[in-house]
Amino acid sequence: MKKAETSLVPQETIEGKILLIRSKKVMLDRDLAILYGITTGNLNRSVSRNLERFPEDFMFRLAKEEFNNLKFQYGISSWGGTRKMPRVFTEHGILMLSSVLNSPRAIQVNIQIMRTFSKLREMILSHKELQRKIEAMEKKYDYQFKIVFDAIKKLLEQPEKPKGKIGFRSR
């Protein structure tokens, strides 16, 4: 397989489109449509014709509040007159899309997306392995290194989720 075929979309672009919603890594229908080179409407029509392939753990629609939070997060006031809440696809749902969308581009982009999800999983596992090693070293060494270990642990901790909306209130 040629290099040009396997790098239609930079991995960083795909990584930037993966969101965490309902504690699941997902991608929006509109982002997937752009990557596949089709309209969101065509993607959703293909999915609608094959709904039995997309159970709730593969694909779901955002709730209105989730959609509003997403718009707020990106600072976008309008998403082109969206009438229906967007669909989001988990890794398994994206994999299932390859059986619904048969264009050569969709197949190649799906391969890239699957590789990106695998890379993210590997990064998470190596992060956990590093944490285990630091904890083992912490037990092995005495108090003089406690400050160093505390600083490293703080750097490895996941950032806290925002407690509420950030912004100004209108009067």
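Arg22 sits in the loop between strand S1 (19-21) and S2. Helices and strands here are DSSP runs, numbered from the N terminus: helices are H or I with at least four residues, strands are E with at least two. The model is predicted: local features need pLDDT of at least 70, side-chain atom pairs count only at pLDDT 80 or more, and totals for chains, interfaces and linings use all residues. Residues are numbered from 1 along each chain as its sequence is written, and side-chain values use heavy atoms, with hydrogens and water left out.

Phi of Arg22 is positive, near 55°, and the residue is not a glycine. Ser23 lies in the loop between S1 and S2 too. Ser23 is not a glycine either, and its phi is positive at about 60°. Most residues other than glycine have a negative phi. How exposed are these residues? At 38% relative accessibility, Arg22 counts as partly exposed. Ser23, at 67%, counts as exposed. The terms rest on relative accessible area: buried is under 20%, exposed is over 50%, and partly exposed is in between (1.4 Å probe, protein chains only).

## The chain as a whole

The protein chain has eight helices and four strands. Along the sequence they follow the pattern α-α-β-β-α-α-β-α-β-α-α-α. Of the 171 residues, 31% are buried. The chain exposes about 12,200 Å², and carbon and sulfur atoms supply 56% of that area. Accessible areas come from the Shrake-Rupley method with a 1.4 Å probe; for residues, only the protein chains shown count as cover.

Contact means heavy atoms within 4.5 Å. Among contacts between residues at least 6 apart in sequence, 70% join residues at least 24 apart.

## Confidence

pLDDT is the predictor's confidence in each residue, from 0 to 100. The chain has a mean pLDDT of 80, and 74% of its residues reach 70 or more. Over residues 1-6, pLDDT stays under 50. For that stretch the model has six contacts beyond four places in sequence.

## Two nonpolar cores

A nonpolar core is a set of buried Ala, Val, Leu, Ile, Met, Phe, Trp, Tyr and Cys residues joined through side-chain atoms within 4.5 Å. The largest has 23 residues. Which of them have the most contacts inside it? They are Met27, Leu32, Tyr36, Phe89, Ile94 and Ile113. The elements that give two or more residues to this core are H3, H4, helix H6 (91-100) and helix H7 (104-140). H7 gives the most, with six residues.

A second, separate core has 10 residues, including Val26, Leu28, Phe60 and Val88. Leu28 is in strand S2 (residues 24-28). At 2% relative accessibility, Leu28 counts as buried. Leu28 and Thr40 are 12 residues apart in sequence and 9.7 Å apart in space, C-alpha to C-alpha.

Helix H3 (residues 29-36) is mostly covered, with six of its eight residues buried. These are Asp29, Asp31, Leu32, Ala33, Leu35 and Tyr36. Beyond its neighbours within four places in sequence, Tyr36 is in contact with Leu43, Ile94, Leu97, Leu101, Arg105, Ala106, Val109, Asn110 and Ile113. Gly37 follows H3 and has a positive phi, near 75°.

In H6, the residues Glu91, Gly93, Ile94, Leu97 and Val100 are buried. Down the axis of H6, its buried residues fall within an arc of 160°, so they line one face of the helix. The arc is that of the directions from the helix axis to the C-beta atoms.

Thr116 is found in helix H7. Its relative accessibility is 1%, so Thr116 counts as buried. Leaving aside neighbours within four places in sequence, Thr116 is in contact with Gln11, Ile14, Glu15 and Ile18.

## An aromatic pair

Rings of Phe, Tyr and Trp (its six-membered ring) pair if their centres lie within 6.5 Å; planes under 30 degrees apart count as stacked, over 60 as edge-to-face and the rest as tilted. By this rule there is one aromatic pair. The ring centres of Phe54 and Phe89 are 5.9 Å apart and their planes are at 80°, so the pair is edge-to-face. Phe54 lies in the loop between helix H4 (40-49) and strand S3 (59-61), and Phe89 in strand S4 (residues 87-90), so the pair ties together parts that are 35 residues apart in sequence. Both Phe54 and Phe89 are buried.
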